[in-house]
Amino acid sequence: MADDSKNNEKDNSTRQPLLKKRYYENCPGCKVDQAKEIYEGVPLKYVTSIWIITLCTALPIACLFPFLYFMVRDFGVAKTEADISSYAGYLGSSYMLGRGLTSVLWGIFADRYGRKYAIVIGIFAVVVFNTLFGLSTSFWMAVSTRFLLGSLNGSLGPIKAYATEIFREEHQALGLSTVSASWGIGLVIGPALGGYLAQPAEKYPHIFPKGSLFDRFPYFLPCLIISAFALAILVACLWLPETLHKHNVNDESNEDAEALENGITGKTVQKVENLLLNWPLMSIIIIYCVFSLHDIAYSEVFSLWAVSPRKLGGLNYTTDNVGNVLSISGFSLLLYQIFIYPLLEKVCGPVRLSRISGAISIPILQSHPFIALLSGFTQDLLITIASVLMFCLSATIITGLFLLQNRAVEQHQRGAANGIATTGMSLFKAFGPAGGGAILSWSQKRLDASFLPGPHMVFFVLNLVAALGMLMMFKPFMAEKKKTPSEQLH
């Protein structure tokens, strides 16, 4: 019996190193992993870093929506008032088209050189090309600068990978929720800034007099504010820790030889798989693309529809009115993502919660044209409530898909996986503003139709997209990846 106990102790002593993770000297990823093992709490400084970096990336995407209608009108390219929405859609799509063409390359870049470098380059692109967009003097200059901004700002995929790698596994939901919350808030605050700060010489003549720079470039101020914010974040990112593992080959060989001499091997072999054949990953990416199309189309349609005249079925809002609605929506979304979403995710899980959110969003979205029939405080209150609910439900779906997507692939391929997701999402979003603007323009020309007249049609089409995405979240289309034993150990 004594011999058996000694043998068991010997076996346990030889097995224990197999479960111990090996750290390599001068590897930034290993340093981050060591810090995660020591500190079990939530690192608030990284939550804040991810929040502001994502916000910086999201702000320029939708800041133009409130003034896009007026910007295109000032360019003089539209022949009729109803055609303005179509041209506005093309301009809104140029950013996503550029990002869709380069996102996979940025994902590969992040996997090879690091998440930090991809993030820094993306923020630098915001500083330069968002500023130039505000100084656009023609429709094609605006399209070109937005396209270049999308092409060179490939930081969304690396940010999502970073958010899962900088936190312990039990806090990864918070990390991705932070990305989703900041992204959603950026898509709300951006238009709010555009609404409040566009055409400042007309709104605030005592601060911005006639003939000044901001009078000659009436849409430059919101772009300048966002670019200045991005410049500050760019400097702060220089101290951002890298999470990508960069192991010295000689160090690995020496440690492996030493381990073999002792009869121990703790090295994990990184399996490289074809991500396009990973159906749990690809099914989630496809669903993510569908809801991304829905989100960007809704954001543009809402802003264009809200500022459209009542004779075309709109709300006849000013850019300030749109800014008020979106500001309240952004603040509500922030509170929801911090205090409510984590609790709901623990109770329901990301899949069930996303399905419920998709179902609830459909009747809310279809109520928008009926709200336009009201007036005064009642209309303002109901449209604000509808906007708050739509943004919160959308963030719930996207956050759940973020979680499922990053769990479907191992770390060394996470950047490429997020690159594929960002490419697909960007291509879908490139169609969103153009398609949404075109359908809104068409719907405003059929106000007397017997079936879904006026804006009823454009919101019905948006609901068809939402319904398709919701149905795809069920089996057999969507598949969740089960953890392997090695992934469970880590």
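User: What makes M390 count as buried?

Analyst: M390 has 5% relative accessibility. Buried means under 20% relative accessible area (over 50% is exposed, anything between is partly exposed; 1.4 Å probe, protein chains only), so M390 counts as buried. Bear in mind that this is a predicted model, in which local features need pLDDT of at least 70 and side-chain atom pairs count only at pLDDT 80 or more, while totals for chains, interfaces and linings use all residues. Residues are numbered from 1 along each chain as its sequence is written, and side-chain values use heavy atoms, with hydrogens and water left out.

User: Where is M390, and which residues is it in contact with, leaving aside neighbours within four places in sequence?

Analyst: M390 is in helix 18 (residues 376-407); helices here are DSSP runs of H or I with at least four residues, and strands are E runs of at least two, numbered from the N terminus. Leaving aside neighbours within four places in sequence, M390 is in contact (heavy atoms within 4.5 Å) with H294, Y298, S361, I364, L365 and H368. I360 is 30 residues from M390 in sequence and 9.1 Å away in space, C-alpha to C-alpha.

User: Why is S361 called buried?

Analyst: S361 has a relative accessible area of 6%, so S361 is buried by that same cut-off. S361 belongs to helix 16 (residues 350-366) and touches M390, L393 and N463, not counting residues up to four places away in sequence.

User: What makes the S361 side chain and the backbone oxygen of G358 a polar contact?

Analyst: A polar atom of the S361 side chain lies 2.8 Å from the backbone oxygen of G358. The limit is a pair of N or O atoms within 3.5 Å; within protein, one must be able to donate a hydrogen and the other to accept it, and residues adjacent in sequence count only if both atoms are side-chain atoms.

User: Why is helix 6 called roughly antiparallel to helix 12?

Analyst: Helix 6 (residues 115-134) and helix 12 (residues 220-236) pack at about 160°, their axes 8 Å apart. Over 145 degrees is roughly antiparallel (under 35 is roughly parallel, 65 to 115 roughly perpendicular, the rest oblique), so helix 6 is roughly antiparallel to helix 12. The contact includes V120, I123 and F124 of helix 6 and F220, C223 and I226 of helix 12. By class, the contact has 13 nonpolar, four polar and no charged residues.

User: How do you know that helix 3 and helix 8 are roughly antiparallel to each other?

Analyst: The axes of helix 3 (residues 44-62) and helix 8 (residues 156-165) come within 11 Å and cross at roughly 170°. That is past the antiparallel cut-off, so helix 3 and helix 8 get the label. I50, I53, T54 and T57 in helix 3 meet I159, Y162 and A163 in helix 8. This contact has five nonpolar, two polar and no charged residues.

User: What makes Q199 and L452 stand out in the backbone?

Analyst: Q199 has a positive phi of about 55° although it is not a glycine, and L452 has one of about 50°, again without being a glycine. Most residues other than glycine have a negative phi. Q199 sits in the loop between helix 9 (172-197) and helix 10 (200-203), and L452 in the loop between helix 19 (414-443) and helix 20. With 12% relative accessibility, Q199 counts as buried; L452, with 18%, is buried as well.

User: What is the peptide bond from K475 to P476, and where is P476 found?

Analyst: That bond is cis, with omega near 10°. Most peptide bonds are trans. P476 is found in the loop between helix 20 (455-472) and helix 21 (485-489).

Terms used: Axes fitted to C-alpha atoms, helices over the stretch in contact; angles between N-to-C directions. Nonpolar A, V, L, I, M, F, W, Y, C, P; charged D, E, K, R; others polar.
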